[in-house]
Amino acid sequence: MSLQVVFLGTSGSVPTLKRSLPCVVVQCPPEQWMFDCGENVQHQMIAAKVSFHRRMKIFISHLHGDHVLGLPGLLQTMALMDRKEPLQVYGPSGLKNFLICTKETLNFGLTYPVEINEILSEGIICDQEKYQVRVIKSNHTVEGYCFAFIEKLRPGRFYPNKARTQGIAEGELWSKLQSGQEVTAPNGTIVKPSDVMGPMRQGRKIIYTGDTKPFAGFGEFANKADLVIHDATFDDALKEKADTDGHSTASQAAEQAKTAQAKCLVLSHISARYSDGSLLLEQAKKVFPNSILAEDYLSLELPLSE
């Protein structure tokens with residue numbers, strides 16, 4: 001199954017005519033996972049054909065307006081569209097009060113359950129059958145977190161000829177073996193998945209940093225990620241400003257990806273001062289050649305790794 005990464009907003013702090021505020025959606029049917037929720041997110045979802053009704057989790061990196069002010073509007077829009085599917089929201093301390101106060105002040109109702117989970121420590125914050133999300137503290141000016149969306153180990157390749165040699169004909173027993181169950185062959189022999197399948201395969205890994213300066217633990221946290229989506233607010237000439245404001249330059253983002261031995265880097269959270277961002281991409285590529293400049297509506301597919 002492919003994972004689709006859709007960039008709904010790629011600007012930093014201030015929107016532009018070409019860039020909306022931060023929001024990235026990872027689509028893995030039948031679910032989608034949203035990282036940050038800047039203003040105007042509903043319009044971006046409509047334009048990118050991202051569903052308002054699918055099973056969904058939202059992860060907020062920190063409580064700065066450009067990353068969270070779209071959330072109350074999105075929740076209300078989903079209610080107006082008569083959403084029924086429960087929604088889970090994760091974010092730093094203070095997120096629950098923010099949403100409750102906004103809802104009470106604006107006096108809008110919800111047609112679906114919303115579960116708010118405040119992140120209290122680093123580690124796994126969401127653990128499901130196929131995917132999990134881990135966090136590590138970012139290096140910003142307020143409490144914040146970087147997220148790792150991790151696909152768990154996948155079953156190895158299934159070899160039909162091995163199954164037939166074991167006396168297992170194509171059908172229901174093949175499906176059971178591929179799902180990790182032992183089966184009994186017609187001759188009474190117990191056949192294990194390992195008898196007919198290759199070794200477990202590594203799942204995919206996507207890193208979303210939110211706003212952050214470089215920090216020492218990032219390389220291990222993002223180790224061998226398939227995709228690193230990193231704060232690259234400024235060009236290298238503004239390194240001191242980046243440090244003061246709690247952001248990264250393009251080269252710093254590239255260094256982080258290089259240290260992590262990532263496969264691909266996407267530069268995002270681009271300052272409104274850059275009309276096209278080509279300077280940032282040029283600087284990043286000198287350090288980490290497989291760098292991409294995020295644009296609104298950019299969609300990247302991460303195929304299954306063999």
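How many bridges join β13 to strand β14 (residues 227-231)? Three bridges join the two, and the strands run parallel.

## Basis of the model

This is a predicted model, in which local features need pLDDT of at least 70, side-chain atom pairs count only at pLDDT 80 or more, and totals for chains, interfaces and linings use all residues. Residues are numbered from 1 along each chain as its sequence is written, and side-chain values use heavy atoms, with hydrogens and water left out.

Strands (E, at least two residues) and helices (H or I, at least four residues) are DSSP runs numbered from the N terminus. Two strands pair if DSSP finds at least two bridges between them.

## Strand β13 and its partners

Lys205 is the bridge partner of Ile150, while Ile207 stands opposite Val228 in β14.

In a regular strand the side chains alternate between the two faces of the sheet.

## The seven-stranded sheet

Seven strands form an open sheet with mixed pairing, in the order β7-β6-β5-β4-β3-β1-β18. Its edge strands, β7 (114-118) and β18 (299-302), each pair on one side only.

Within this sheet, β1 (residues 3-9) and β3 (residues 23-28) pair in the antiparallel sense over five bridges. Cys23 in β3 is the bridge partner of Gly9.
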